[in-house]
Each structure stands twice: as C-alpha cells, then as structure tokens.
Amino acid sequence: MSDRPLVSGRTFSRRRALGLTAGLGLAATVAPSLSSSSLAFAAPAPSAYPKGARPQVLNVFTESTLSLPERTLATTLQGLMARRRGDSLYLNLPGLGYQFWLDDLVARYGVRTRPGDLWKTVQRSGVRGYLLFREGTPSVNVATTLAGVTGAVAIEESLEALAIRHGLRKVLDVRDKDDRWVFDTYWSRLRHDVAVEQRADIPERLRDYVTMAGTLAFFDGNSEFRAEVVAALDDDATVIGWGDASSGEDAFIGVNSLAGVKALPADHARNLSILSGIHEDRLTQGGRLFDPTLGGSGGGSGSGSGATDLRHTVQGAAVAAAATRSSTATPTTGVLSGGGGGRALVPQPDPDAHYVSFLITDGDNIQWALGDFPTDQRWFGSPRRGEVDLGWGISPSLIDLAPSVMRWFYDHSATDRWVAGPSGGGYMYPSRYPAAALEKHTASLARAMGRSDLSVAQIIDFDAFENTRLWSSYLKRPEIDGLIYLEYSRYDGLKGQVVWSEGKPVISARTMLWDGLDGADEASVTAELNAATRNPHSTAGYSVVVWHAWSKSVDDVLTVVDGLAPHVKVVPPDTLVRMVSKYAKP
C-alpha cells in the first residue's frame with residue numbers, strides 16, 4: 001500500500017481501491033460496561049494469529065444479495081459462529097478469488113455447504129442478543145468490537161424490529177459511542193497482539209475476524225488517538241486493515257513502526273474467520289527453481305527441500321497450459337546452494353550471461369490475494385502466466401490466516417516462485433522499529449517463512465540500505481537466504497547495489513516497470529538489461545526488476561522479456577538470491 005511521491009508534483013499509489021465499492025456506506029458507535037455474558041475466545045492454536053475453528057458446514061451467501069445492514073449482521077454472526085466447530089457462514093463474491101477458496105474448502109477439506117438464509121442462520125446459531133448501532137456513525141466499529149466481548153451480533157437500527165421478532169434481546173445501545181469510548185472502557189478485555197483498522201463506512205469487510213478474535217476495531221485518521229492505540233499494542237503486534245493514506249501511507253506506517261507494530265493491508269478482506277480455521281503445519285512451493293535449459297543445467301522445485309524433480313501441480317486449464325509450455329525434464333545437472341535453511345539447485349553460471357528476476361510489488365496485500373489477484377488477467381489470472389519464470393510476493397501470515405489460499409497458489413504455480421512481501425511479517429520500516437521488537441519480528445517471520453517454504457523477503461525502508469545491523473536481525477535466521485531492498489522513493493534508486501550481512505546478500509532493485517516514471521517503461525528497462533554487465537561472478541551481473549502491480553501487468557513484463565538479448569537469462573528471485581550468494585560473494 002503506498003502513496004509515495006516518486007516524481008516531483010506526482011503521487012503514485014502502491015495500493016489502489018480494488019473496485020469492490022458496492023456495499024460501502026455503513027458506520028456506527030461504541031458501548032459501555034457489560035456483564036459477564038461474554039462468549040469465551042476460541043482455544044489458542046500454535047499460530048502467530050488468532051484462528052477460527054475448522055469449518056464443517058457453511059451457509060453460503062452471495063454478498064450482493066444482502067443489504068448493507070444485513071452484511072454487518074452476517075459478518076458479526078460469522079465471527080461468533082467461527083469460534084466453534086459446526087455451522088458457520090461464508091460471503092461469496094463469485095467473480096473473485098472467494099469462489100476459488102470456497103470450492104477448495106469443499107473439494108480438499110471436506111467442508112459442506114448449503115444456501116444461506118440469514119435469519120434462519122441466526123436462529124440456528126444460538127446467539128440471543130444484539131448490539132444496536134446506527135448507520136453513518138462510528139458505532140459500527142463499537143458494535144463489531146463488542147460483539148466479540150458479549151457474544152451478541154451487531155444490529156443496525158433499521159433491522160431492530162426484525163431482530164426482536166426473531167427472538168433477539170438488546171444487550172446494549174451503542175449508537176452514541178465511539179472508538180475512544182470502547183478503548184477506554186474495554187481495552188483490558190481485548191487482545192493486545194492484534195487490532196483492526198477499518199473505516200466505519202465499510203459494513204462487512206474484516207468484521208468477522210474482529211468478532212472472532214476479540215480485537216479492537218477502530219479508525220480515526222492519523223490522530224493522536226490512533227497513535228495511542230498503536231502504542232498500547234504489544235511489541236511486534238499487527239494492525240490488520242489500512243489507515244488514512246491521504247497524506248501518504250508513511251503517515252501511519254511510520255507511526256506503527258516507531259511503536260514496533262506492523263500492518264497487514266486487508267481492509268477489503270472477507271471470510272478470514274473461516275479461512276483461518278484451516279490448519280497447515282507446512283507447505284511446499286510447486287514452482288520450478290529455474291528453467292532447465294539455462295546453461296544446460298537442471299531445475300528443481302521445493303525451496304529448501306533439496307528436491308531434484310520438477311513438479312508441476314496442474315489444477316485447471318490455465319495451470320495445465322502453463323505446464324505444457326514449461327519443460328518437464330528431470331534435471332541432470334545444477335549446483336546445490338543454501339535455500340530456506342536447506343539446499344536447493346541453482347544453475348551452472350554462464351560466464352557471458354546477465355541474470356534477471358522479475359518481481360511484482362505489493363505482495364503484503366492480503367485483500368488483493370484473496371480478491372481479484374488470482375482472477376484478473378493483469379496478474380495471476382493471466383493466460384500468459386507460465387511463459388517465463390516470474391516472482392510473486394505473498395504474506396507469510398497466510399500460513400495462519402488463510403493456509404488453504406496459500407496452498408492453492410502454490411499448487412497452481414508451475415513457473416512461479418514466491419517471496420515474502422514487504423517488510424517480512426508485515427508492512428513496516430525496519431530502521432524505525434525498536435531493536436527488541438525487530439528481534440521478535442524476525443524470529444516470528446523466520447518461523448512463518450520456514451513453514452511457508454519462503455526463503456527471500458522484500459524490504460521497504462528509507463535510506464537504510466547500508467545499515468547491515470538491521471539486516472543481521474533477518475539474515476542470521478537460517479530460514480532466510482537474502483533480502484530484496486526497495487528504497488521508499490523510488491524503488492530502484494540504488495540501481496542494483498548489494499550489501500552483505502551474515503554472509504548473505506541484500507540486493508537492491510536495479511530498475512522497475514512503473515507507468516509514468518522516467519526510465520521505467522518497457523523499452524527503457526529492456527535496453528538497460530541488455531546493456532548490463534555480463535559476469536555472474538560479480539553482483540553487477542544480476543538484476544532485480546520490480547514491476548508495479550497497479551500500473552503494469554504480466555503482458556508488460558513479457559514485452560520486456562521478448563526484447564531481451566539471448567545473453568540475458570531470466571530466473572526466479574529466490575534462485576537469483578542464491579546465485580548471488582554462491583557465485584558473487586566478495
């Protein structure tokens with residue numbers, strides 16, 4: 001997510017509205033002290049994040065069929081039901097990834113479904129109380145938060161008569177309450193390792209997770225109150241959602257970072273209470289490590305596994321087509337190098353070659369991964385994906401928040417490799433993180449990357465590239481092979497420089513594809529790569545090209561690839577990092 005000035009007088013956003021604006025427009029207020037009718041939190045799991053119970057039966061609603069007040073009711077009900085095994089509900093958006101995740105829950109995990117009937121689901125749930133809020137006020141965040149404390153659902157005042165008719169009793173009227181009130185009154189009863197930043201005009205997104213996890217939901221721009229909330233969180237806590245980026249995202253990510261708190265962009269995410277209910281102890285990437293034709297060497301799959309087979313997991317026509325375009329030869333040569341704490345093949349270096357990786361921006365964006373990223377032809381839904389080895393970013397938090405989604409992406413990757421999005425476990429600026437919080441962050445990140453078969457992380461920071469003390473906190477972890485550094489403005493400002501920490505590389509982007517920026521068009525990037533140094537034993541012999549998710553596409557990347565000279569060879573980013581470590585270390 002980023003609104004960062006890259007050219008004088010212009011602001012370019014790393015984050016964009018996902019076009020899912022239908023259904024915005026609900027707000028609400030906060031609540032007073034309640035009795036002990038609160039519903040207990042779900043039993044803790046060995047996870048970095050609160051998780052729902054494993055779903056068994058889902059009452060499926062197409063989101064667009066529900067009114068805005070009904071969506072808030074449905075999602076707070078969803079969060080409460082997700083605390084225990086059995087029935088819950090699912091909000092589906094058939095044109096986006098949510099249909100994939102639902103189908104996968106049914107096919108792989110044995111979840112059953114039935115058409116949703118909202119008030120019947122309320123009656124079957126056993127929930128008996130409601131919190132009354134008003135559209136257009138902060139009380140929607142109050143009601144969402146207190147749903148997790150009281151075990152009551154959030155009811156907008158236009159639905160109150162229906163709620164009473166269906167046997168619900170009013171627990172609290174919060175129509176005159178706000179986020180400050182709920183923070184002052186209930187902070188001791190809420191989680192301090194996670195909070196959710198969500199605007200009051202979004203009626204459904206993330207609210208199921210707030211209620212399930214027992215977190216605070218808040219939004220107050222870039223105010224002193226917001227800073228107070230962030231400061232009250234634990235070291236390396238997570239703010240899930242998104243803040244006020246009207247003055248640039250660093251206005252709130254910077255405040256988070258100074259407090260030792262990271263962000264997970266997810267304010268348009270749905271169904272996290274359900275998706276987090278799946279457990280996967282460890283996942284393995286399915287994409288090959290490199291093209292077997294490179295220099296006559298082989299390609300393996302499974303970072304850190306030492307695997308020497310090329311596995312193409314083919315599920316669906318798009319993946320089958322990608323696998324057909326890709327080589328399926330069993331590798332016969334190659335060089336073993338470290339990878340995610342294990343060993344993995346890298347190509348034999350061609351002395352006359354320049355090696356390049358293409359890596360998308362914004363891999364930390366959970367809402368995008370869940371929404372239109374897998375379906376849109378600009379990105380993972382491109383029919384041309386598979387024509388070249390590409391690097392994609394992904395949040396390691398998905399191993400806990402949506403492991404079935406992460407597994408789906410891995411299973412549908414034949415020539416795709418994944419790295420951790422910025423700045424590891426979540427979006428923050430490492431140079432501003434307190435030292436103790438950074439140590440906690442990188443330890444947790446290493447565990448998540450090990451479980452997720454990720455060996456490289458992206459970093460975004462300000463003028464911190466040469467601060468190798470920071471990078472030691474990451475790179476002393478055996479699970480992490482290297483870092484890809486992006487200067488906040490602009491990403492390619494360091495032009496491919498490399499520094500070393502703990503014997504591992506921190507590689508800056510050499511160039512980028514970004515619409516409207518000087519030198520970031522396809523022709524300029526192609527020319528720069530073709531003229532780059534040919535020497536795999538020098539760090540100058542390697543380039544990382546980052547491509548801007550919101551202004552460029554797979555087709556634009558392939559325009560560059562099609563123009564590359566024969567001596568420029570494309571490898572995935574994790575393989576490039578291992579090649580730099582093996583062949584170009586000073």
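The questions below concern the pockets and cavities of a predicted model.

Trainee: What conventions apply to the numbering and the values?
Mentor: Residues are numbered from 1 along each chain as its sequence is written, and side-chain values use heavy atoms, without hydrogens and water. In this predicted model, local features need pLDDT of at least 70 and side-chain atom pairs pLDDT 80 or more, while totals for chains, interfaces and linings use all residues.

Trainee: Which element gives the most to the lining of the largest pocket?
Mentor: A pocket is an open set of points on a 1 Å grid over the protein atoms alone, with protein on both sides within 12 Å along at least five of seven lines, and lining residues have an atom within 4 Å of a point. Strand E11 (237-241) and helix H15 (435-452) each supply at least two lining residues; helices (H or I, at least four residues) and strands (E, at least two) are DSSP runs, numbered from the N terminus. The most, seven residues, comes from H15.

Trainee: What is the volume of the largest cavity?
Mentor: A cavity is a set of grid points where a 1.4 Å probe fits but cannot get out. Points are joined across faces, edges and corners, and a volume is the space filled by probe spheres set on them. The search finds two cavities of 30 Å³ or more, and the largest has about 60 Å³.

Trainee: Which element gives the largest share of the lining of the second largest cavity?
Mentor: This cavity has a volume of about 40 Å³. Strands E3 (55-62) and E4 (86-92) each give two or more lining residues. The largest share, three residues, is from E4.
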